[in-house]
Amino acid sequence: MEDIDAMFTDLLGEMDLLTQGLGYETVPSEMSSSSSQIEKNFSIGFTDLKESLNELEDHDLDALMADLGSDLTETEETLNAAKMGHVHTQQHKSGYYTPQQNVQASIPSSQISSSSSSLHPEPSEPLVAGEAEAQVKADKIKLALEKLKEAKVKKLVIKVMMSDGSSKTLMVDERQTVRDVLDNLFEKTHCDCSTDWSLCETNPELQAERGFEDHEYLVEPLSAWTRDSENKILFLLRPNKYLLFKDPQIFYLWKKHKQFVNEINGCRKELLLKENFEGPSVIVPDLEGPLYLREDGKKSWKRRYFLLRASGIYYVPKGKTKTSRDLACFIQFDKVNIYTATDYKQKYKAPTDFCFILKHPQIQKESQYIRFLCCDDELTLSLWVNSIRVAKYGATLYHNYQTAVRRALITTSTLHVTSLPVSSPPTRSTGHIATVRANEHPDQDYLSEPPPDFIPPPPPGWGSGV
């Protein structure tokens, strides 16, 4: 019994040592993980926040600092004073100026270490211009790192990939919509502001892509991305983005003969938009047809008959009819987004590659709560994806399109006017330009009288001897 008690005591001692060892190892690891997670939330597309801030253009970084309420002028003056060998002074609460070393004596050590970390030590020799600029930016980044974590409005530094493989780094906050970010990208890239430009998210693990809607607040969906996410933000032309409003007959007259649909003119298109989007409520395309449904956790697909309604997607159970009382709800749209998928024929043995999925924004990896659907062809895929967007967003989607059209028209008009020669005298073409810009209400500045020294052109045939 004594041997057993001794063995039991030794075992308890070893367990105690193991417990202490585990506690020593795991607590710092969890703290580190938590700290890393906090920092990760401030940047998308970068390894860490410092790298993302370094990628910001100088004027964007300055704007960030101003927005965060940082005293940028004081920081630069301190740095310049350090370079010149002077000692920076600051005003004491009593109103008198005190040398910096004496002020530090009255400040708690925690504040001293915090404030001193934001400034570089005094260099022994003056810095050259290039080094001085780099040091100024480094100081701004250090202050931004501190201030970002104290900011009341959540901000993200994001990397947006272009179609040519290059990227743009932007600062966005939770108040900015996708439309605001697109306008910012238009200015940075000098593109044509077409309504087809879209900001998209890609999920490599699910092999899925979704275009952000222009009214969405971008920070919200990006905040759902996991810490180790390989998702990317793309700035691409997507002609399908507002196809439903450019060719509404494809979606609202899909049961008609193809030739009849193709012959619909512009006036009839406008009438379709008014009937379905400018009434008391938005009318969702009356879409229905067979789709392939992937079974939960399997790579087998079953063909079912689905119907689209404003509240969600419904299907006809086996042995039932298409009457409303027999329909079963498949999914509702209030808490899911729609994504188009690629290469599902290979990944999940889908019948075709024309697939889409419906999932909650928080789900970033394969899950039993994702709904996988497969269409027979590309047209059917476009019908379902765009019609579901109408059912989910309603009139908001139409307002997004109208805003995008106005933005494109303003840009086109501005480019047309600025491309004219500055020294050209007013002619009949000037009146035409004024008509285009002002919707048949010409601007008086463009239709004013010619200057006194203006010499009119000779009449036709003058000087030909006729």
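Because the model is predicted, local features need pLDDT of at least 70 and side-chain atom pairs count only at pLDDT 80 or more, while totals for chains, interfaces and linings use all residues. Residues are numbered from 1 along each chain as its sequence is written, and side-chain values use heavy atoms, with hydrogens and water left out.

Let us start with strand S10, residues 301–309. Strands here are DSSP runs of E with at least two residues, helices are runs of H or I with at least four, and both are numbered from the N terminus. Strand S9 (residues 288–294) pairs with S10 in the antiparallel sense over seven bridges; two strands count as paired if DSSP finds at least two bridges between them. One place to look is Leu 291, whose bridge partner in S10 is Arg 304. The hairpin of S9 and S10 has six residues between the strands, and in it Gly 297 takes a positive phi near 70 degrees. S10 also pairs with strand S11 (residues 312–315), again in the antiparallel sense, over four bridges. This time the hairpin has two residues between the strands, and Phe 306 has Tyr 315 in S11 as its bridge partner.

The structure holds 14 aromatic pairs, where rings of Phe, Tyr and Trp (its six-membered ring) pair if their centres lie within 6.5 Å, and planes under 30 degrees apart count as stacked, over 60 as edge-to-face and the rest as tilted. Phe 306 and Phe 330 make one of these pairs, with 5.2 Å from centre to centre and 70 degrees between the planes, which is edge-to-face. This pair links distant parts of the chain, since Phe 306 belongs to S10 and Phe 330 to strand S12 (residues 328–332), 24 residues apart. Are these two residues buried or exposed? Phe 306 counts as buried because its relative accessibility is 0%, and Phe 330 is buried too, with a relative accessible area of 14%. The cut-offs are under 20% relative accessible area for buried, over 50% for exposed and in between for partly exposed (1.4 Å probe, protein chains only).

Tyr 242, Phe 245, Tyr 252, Phe 277, Tyr 398 and Tyr 401 are linked by ring pairs into a cluster. A ring can also meet a charge: the charged end of Arg 294 sits over the ring of Phe 372, 4.7 Å from its centre. That description requires NZ of Lys or CZ of Arg within 6 Å of the ring centre and within 35 degrees of the ring normal.

Now turn to the second largest pocket, which has a volume of about 650 Å³. A pocket is an open set of points on a 1 Å grid over the protein atoms alone, where a 1.4 Å probe fits, with protein on both sides within 12 Å along at least five of seven lines; lining residues have an atom within 4 Å of a point. Of the 28 lining residues, Glu 209, Arg 238, Asn 240, Thr 340 and Val 385 are the closest to the centre of this pocket. Strand S6 (197–203), strand S7 (208–211), strand S13 (337–341) and helix H15 (378–393) each give two or more residues to the lining. H15 contributes the largest share, nine residues.

Two of these elements also meet each other: S7 and S13 pair in the antiparallel sense over two bridges, with Ala 208 partnered by Ala 341 in S13. S13 is joined to strand S14 (residues 355–359) as well, antiparallel and by five bridges. There, Thr 340 stands opposite Phe 356 in S14. S13 is largely enclosed by the rest of the structure, because four of its five residues are buried.

Finally, follow the chain to the loop between helix H8 (178–189) and S6, where His 190 is found. Most residues other than glycine have a negative phi. His 190, however, has a positive phi near 60 degrees, and Cys 193, in the loop between H8 and S6, also has a positive phi near 60 degrees. His 190 is exposed, with a relative accessible area of 69%, whereas Cys 193 counts as buried at 4% relative accessibility.

Technical notes. Grid points are joined across faces, edges and corners, and a volume is the space filled by probe spheres set on the points.
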